[in-house]
Structures are given as C-alpha cells and as structure tokens.
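Please examine the following structure and consider how its parts are arranged. The discussion below begins with a pair of helices and then turns to individual residues in loops.

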Amino acid sequence: MLKIVGISFFLGLMYLLFVFNREDNEREYSLQLEHEQLVVCYESNTDQRRPLYATGTLSETTTDESSTTQRNHQQQRQHVQQQQLLFEGTEPMIYFVTPTYPRREQIAEITRLGQTLMHVPRLHWIVADDTSSCSATLNSHIRKFGIPYTQLASPMPEMYRGRKNAPRGVANRRAALHWIRQNGIKTGVLYFGDDDNTFDLKLFSEIRYTKKVSMFPVGLIGEYGISSPIVLNGRVEGFFDSWPAKRKWPVDMAGFAVSLEYMALSPNATMPFKAGYEEDEFLKSIGLKLEDIEPKARNCTEILVWHTQTKGSKSPTVRISIDREKLNKLNLGALFSRLESMGVNHISESEGTTAQAIVNGSVKPLTFWFS
C-alpha cells in the first residue's frame, strides 16, 4: 500500500514539474509581448542621405568658371543622380535590426555603425533601445545619417534582469519582430546587426536576395576566433563553432539573414529569453532545414562581419590535426588561411583548443566527411 502511495506521489510530482516547465517555456517562448513594453519613439521612412563629401548646391555654377570646374560639377551632378536612383530603386529592402542599451560607448558605436549603413541603399534601420523611455539623444544621432529608421524603446522585462546570465538583446529583437508583423511587412530581408559589430559593405549586396536563410562566417567569435557554416561542394553540411551546447543551429546572431517571405510562413516565429540559445531557437521556430541554407561570402571562405567589441582579446590557438589537403576541400582551409594572415587566430597541430564540427546538433571530428 505504501509502495503504491509512494509511486502515486512520485508520478504526481513529475506531472506538476512537467506542467510548471511547460508553462514556463510557454511564458518564455510566447510570441506576444506579455510583460514586455514596446514604444515606437521616432520614425522616418524618407531616405535623406546624400553622397559623402558633396558640398554646396550643384546648380550654383557661374558662367566664368573654367571648363575643368564646370566638368567637375557636371560629373558630381551625374553622381548624385545615380545615387538617388540607387537609393530610390526597387531592390528588396533590408530591415537591419540593432539592439542597443544606454552606456558610455552607445553613441560612439551607433555613430560608427550609422556611417557604415549610410552607404547601403534600400535599408531600413530598426534601433531597439533597452530602456523604458525614448532617448532624444540617441534619436538625434540616428536621424543625422538620413537613413530611413524606426527607433523603439523595448526594455528587458524585470523578471529576467535578475538572472545571472540575463538574455540581453532579446526583448529588443522581439520588439523588432513584432513591429515588422504589426506593419504587415512580408517582403525584404531581416538581419540582426549589433552596434558593436563591424560590417563589410559587400555583406549587404550578398544578403539582399536571400531566398530563405543565408549564412556566412563571423570573425572574432569564441575560442576558435570564428563561427562559420562548413561547406562541401557548395552545400552547408555542418557548423564550426567552439560552443556546441547541443544546439542544432550553432551560429552567431550576425551570421545569418532571413527572407521575410520565408519567415511569414511561420507566423509563430520568435526568439526565447534563453541566453545562448536565441539564434538556435529562432531558426527552429521558422522551420529551417539544412538544405534551405544558402552559403554566402564565397562559400563561406570570406569574413564580411566581425564580432568586434570595445575590449581587447588575445588571439586564440586552434588545434587542427586534419591533413591540410583535406582541410582545403572544406571552406575552412581558405578561411583559416585568411584569419591567420590577419592575426585573428593561429593554427597548430599540437596545441590549443581542439577544433570540432557540429552536425545536426552532434559534435563530430573534422575528419567526419573523409572517413
């Protein structure tokens, strides 16, 4: 009798734990902005950018100017007209989402990023600030670039702030996803770009025509100094990341772009308040399959985005014992050659962190494709 009671108590306890965990997961993974704030602070859909270094009004030419000066003005006028056509074109729009938060470096990093985005046509900048009030100071610095933008106030819910490993940037990105849905935007490309990252302008032309999900390497990540898809014969076959953590999609937030048409097929797509698993769970929520991934950056042999931070880090040593000829059959051969020449990391056959691949959430040796 006591044995039956004990079993019943145990089963009842397990049921309660299951219900509690399910409710907790539903609360954390909810699509709706429960316990979250979203305020649209400022918006501008007008592209007011001008070519850099353009001075004066181009029509202010006088008849006594030399032919050389007149020719220079004419060339400058033609350049402006070409730029206007480019920025007012019909190419797919890139929705560039930047989570930020008030700190000493905030304006400096927004300035650096804004000056990069000034060069990118057909881009709408969504800046989501981790604060409950709208920052006029932040807005004044965003507005001066002339980029079409939306500034959101989207603070992290207090229930998560007390955690040892708080999920930073999640409320910001969720707010941006909500804003996109709220405005019925189903065309274009979504990209998450942090304010402390560094972007090669080539990245934007590469991701603009993403059909489903495009992926590419991110430099200065983790113990390997790089996070990248592993590409064989033009297809993504796995992932190279120093923190597997049983993630199916072990990629950095800056390492992928998503077609909004593709994302619209998953109306419940969201990002959890789960530090370290934001990318993985978001990509799961849109139903991503390995064959859907489009490798960019020359089959993931180039670094077009860097996870730069306002602090210095020592270049890591990565232990790779695989035969170099075999390594060169993967994109990692060319990729590591570039990284070593830049001093980003060092490759050794006997020292450092042992390099591994992740395939469908499982850790594999780099010899996996050649055994």
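At what angle do helix α3 and helix α4 pack? In this predicted model, helix α3 comprises residues 106–117 and helix α4 comprises residues 136–143. The two pack at an angle of about 20°, and their axes lie 10 Å apart. Because angles under 35 degrees count as roughly parallel, α3 is described as roughly parallel to α4. The crossing in which α3 passes α4 is right-handed.

Which residues make the contact between these helices? On the side of α3, they are Gln-106, Ile-107, Ile-110 and Thr-111. On the side of α4, they are Thr-137, Leu-138, His-141 and Ile-142. Sorted by class, the contact of α3 with α4 contains 4 nonpolar residues and 4 polar residues, with no charged residues.

Attention now passes to the backbone of the loops. Arg-122 is located in the loop between α3 and β3, the latter being residues 123–129. Although Arg-122 is not a glycine, its phi is positive, at about 50°.

Asn-360 likewise deserves attention. Where is Asn-360 found? Asn-360 belongs to the loop between β17, residues 357–359, and β18, residues 362–364. Phi of Asn-360 is positive, near 50°, in a residue other than glycine. Is Asn-360 buried or exposed? The relative accessibility of Asn-360 is 60%. Since exposed means over 50%, Asn-360 counts as exposed.

How values were computed:
Residues are numbered from 1 along each chain as its sequence is written. This is a predicted model: local features need pLDDT of at least 70, side-chain atom pairs count only at pLDDT 80 or more; totals for chains, interfaces and linings use all residues. Side-chain values use heavy atoms; hydrogens and water are left out. Axes are lines fitted to C-alpha atoms, for helices over the stretch in contact, and angles run from 0 to 180 degrees between N-to-C directions. Helices (H or I, at least four residues) and strands (E, at least two) are DSSP runs, numbered from the N terminus. Angles under 35 degrees count as roughly parallel, over 145 as roughly antiparallel, 65 to 115 as roughly perpendicular and the rest as oblique. A crossing is left-handed if the near helix is turned anticlockwise from the far one by less than a right angle, and right-handed if clockwise. Contact means heavy atoms within 4.5 Å. Ala, Val, Leu, Ile, Met, Phe, Trp, Tyr, Cys and Pro count as nonpolar, Asp, Glu, Lys and Arg as charged, and the others, Gly among them, as polar. Buried means under 20% relative accessible area, exposed over 50%, partly exposed in between (1.4 Å probe, protein chains only).
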